[in-house]
Structure formats: C-alpha cells, structure tokens
Amino acid sequence: MPQALVTGGAGFLGSHLCDKLLARGFQVVAVDNFVTGDRRNVEHLANNPDFQLLEHDITQPIPWDGPLDRLFNMASPASPIDYMQIPLETLAVGSEGTKNCLELAKKTGARFLQASTSECYGDPLVHPQVEDYWGNVNPIGPRSCYDEAKRFSEALIMAYHRTHQVQTRIVRIFNTYGPRMRLHDGRVVPSLMGSALRGEALTIHGDGSQTRSFCFVDDLLEGIQRLMESDEILPTNIGNPVEMSILEFAETVKEVVGTEVPISLGPLPENDPKVRRPDISKAKRLLDWEPKIALKEGLERSLDYFRQRVSEEAS
Ligand code: NAD
C-alpha cells in the first residue's frame, strides 16, 4: 500500500485529508502537536490498522524511518486569533517545520505538497488573485507572522526543488470551511454559525462590505489531491471563486440556521483584506478541477456538526 504522511493531521483540513487518503487506499500517518488541533478530529480512526497518529512538533526533525510516497504539510496555526497568540511558533512551523518536512521528502523520495495560503497575496491590489501576482503584504503587521511564514515556506520549497530536485507542489488555499472547525477559532464561518445557533446577534467586523469567497472542505481536498498527482511545481490557487460581501454571507447563515437574529457591526481588524477571490483558471485548465458545492449546501452539510458543538458548550 502507498504510504502518506500528513502534518497537522489532527486539524480541520488535515483530519479530513487523512479520511480521504485512507479511502483511496493509502496507509496514513498523521503528525500533530495539537497546538490548534483536536483529538476528536481523528478519534474515529483510532482502530483503523492503516492509520497511525504521531504526537510530534514538526519544528523538530520528524521521526519517520519507513518508506514514504506522499507528504502533505498542513501544519500551521491558521486562524488570526490562533497565530496572533503564538506568532513565534507560527514563524517556526513555517520555517523550521517546513524545512524538516522537505528534509524527510529528500531522504525518502516522497512527493511533497505545501498548504500555502491566499494570505501570500496580502491585501491584494490585483483582483481576482492570479498565481503570478506577488502580493501586497505588510511584513511587520500583526498578521505578518503568518503571511511571511507562508511566503518563506514557498521560497524554501522552491530552493529545495531547484537545489535537491525534491518533487514539490504548492497549493494556495482560499477560505475553506466545513465540519471540524473549532467554534471559537475566530474565523467567520464558525463564528457566525455559532452565534446564529445560540440565537445571538451576528457580529460583523467593519461595515460588512468586505468580500470573501468560501470553499467547502470536500471541494478543496479534491483539488489538493489532484494537484499532488499532477506535474505542476509552481503555486496553484484552490478555492471557490463565488465572491460575496460578509453581509450577504451573514444573511445566508441566518437562512440556513433558520433564525431571525440581528446583525451588528464591530471594528475592522488591522490589515484585514478588503477583497478576496481566487482566479482558478489554472486549476481548471491543469487539474480539470472546479468547486461543485455551493455555499448554502456546504453550510447545510456543516449544520449538524456546529449544532452539536454549540449544544456541548451549553451543557
Ligand atoms: P488547523 O489549526 O485546524 O490545523 C492545523 C494543524 O496543525 C493543527 O492540528 C495543529 O495542532 C497543527 N500544528 C501546528 N503547528 C504544528 C507543529 N509545530 N507541529 C505539528 N503540528 C502542528 O487549521 P486548518 O484550517 O486545518 O489549516 C491547515 C493548513 O491549511 C494550514 O497550514 C493553513 O495555513 C492552511 N490554510 C487553511 C485555510 C482555511 O481556510 N482553512 C486557508 C489557507 C491556508
């Protein structure tokens, strides 16, 4: 059986990726230090003989001596409230952590894929964002620990590819949502779903005119797996290009939850991007990929999960 290793395998995206890889016939080892992950995301895999969980911080060399075919590097705090609390750990995982993954890929000959981010484009001056746009990133602002860590990772990956011929892939992920997100990770989907389910007002930052594009987790992971199996070395955007204002998003949440709670406006965080939308022409052309799940359907598929988390919180 082919062997895959997923760093950040107990996180939101990483745990779903483990499920998909197992379903495709891989043996999977998830590596996680649980800094933002949750054991509950992988506990259903505990008795699966093809799954192994390694509790480890990837800023230290990864203790894997077996053969390896595919290495997905998903480890990094991903939500602003997480990475602003632990900026040094975030910079470390994007530098030392990525280097340790690349060393393992070099040693084993595994193909490596990096979960990069639309944050590489910063507060973009080109809209929608195409892969050859170099971005508008504040290198010293409160978000820089994440944005610059991810940009450094990309530079390191290209250097390993050019110097050591490691087979590398880079996906620039745009806002993705679904079951297993933490209710209080500060990202807009769990935050507004949680408020709506509790019957509280939906708080929006700014005037709600800033735009986002939301991709359902299953669509994203299909794109990521296709990219891994393709020959493309350079960064590729994967996300949903349907763009909407945060205000429109809040209205959709209310509709899906079936509530009439009010919407209230709060202050806009520093360096919050005003617009965000992927140009996915490259993924369409190279991977024959595009998202299939509309926002309303994706939120409906996530509803039971968020409802359960809200009721656990109340009890
Ligand atoms: P998450 O916080 O749920 O998952 C990240 C996982 O990485 C967690 O389980 C965490 O414990 C683990 N981790 C962090 N530092 C580690 C370390 N030093 N060693 C081992 N494990 C470590 O976040 P997510 O949304 O699942 O994001 C996964 C990846 O995708 C991240 O790299 C993130 O930057 C990227 N990404 C996500 C989105 C999104 O919308 N969800 C958007 C862009 C990029």
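The structure is a predicted model, in which local features need pLDDT of at least 70 and side-chain atom pairs count only at pLDDT 80 or more, while totals for chains, interfaces and linings use all residues. Residues are numbered from 1 along each chain as its sequence is written, and side-chain values use heavy atoms, with hydrogens and water left out.

**The ligand**

Please select the ligand and the residues around it. The shell holds 28 residues, of which Leu 13, Asp 32, Thr 36, Tyr 146 and Lys 150 come nearest; a residue is counted as near if one of its heavy atoms lies within 4 Å. By class, 13 of the shell residues are nonpolar, eleven polar and four charged. Here Ala, Val, Leu, Ile, Met, Phe, Trp, Tyr, Cys and Pro count as nonpolar, Asp, Glu, Lys and Arg as charged, and the others, Gly among them, as polar.

Helix H1 (12-23), strand S5 (111-117) and helix H4 (144-164) each supply at least two residues of this shell, and S5 gives the largest share, three residues. Helices (H or I, at least four residues) and strands (E, at least two) are DSSP runs, numbered from the N terminus.

Next, display the polar contacts (pairs of N or O atoms within 3.5 Å; within protein, one must be able to donate a hydrogen and the other to accept it, and residues adjacent in sequence count only if both atoms are side-chain atoms). An oxygen atom of the ligand is 2.7 Å from an N or O atom in the side chain of Thr 36. Polar backbone atoms also take part: that of Phe 12 is 2.9 Å from a ligand oxygen, and that of Val 35 is 3.0 Å from one. Taken alone the ligand exposes 830 Å², and the protein buries 96% of that; accessible areas come from the Shrake-Rupley method with a 1.4 Å probe, and for residues only the protein chains shown count as cover.

Move to Arg 172, in strand S6 (residues 168-173). Arg 172 has a relative accessible area of 8% and is therefore buried; buried means under 20% relative accessible area, exposed over 50%, and partly exposed in between (1.4 Å probe, protein chains only). Its side chain forms a polar contact of 2.9 Å with the side chain of Tyr 121. A polar atom of the Arg 172 side chain also lies 3.1 Å from the backbone oxygen of Glu 131.

Select Glu 154 in helix H4 next; at 9% relative accessible area, Glu 154 is buried. Beyond its neighbours within four places in sequence, Glu 154 is in contact (heavy atoms within 4.5 Å) with Ser 116, Cys 120, Ile 170, Arg 172 and Pro 235.

H7 is followed by Gly 258, with a positive phi near 75°.

Turn to H5, where the buried residues include Val 189, Leu 192 and Met 193. Just after H5, Gly 199 takes a positive phi of about 75°.

**Ile 140**

Finish at Ile 140, in the loop between S5 and H4. Ile 140 counts as exposed, at 76% relative accessibility.
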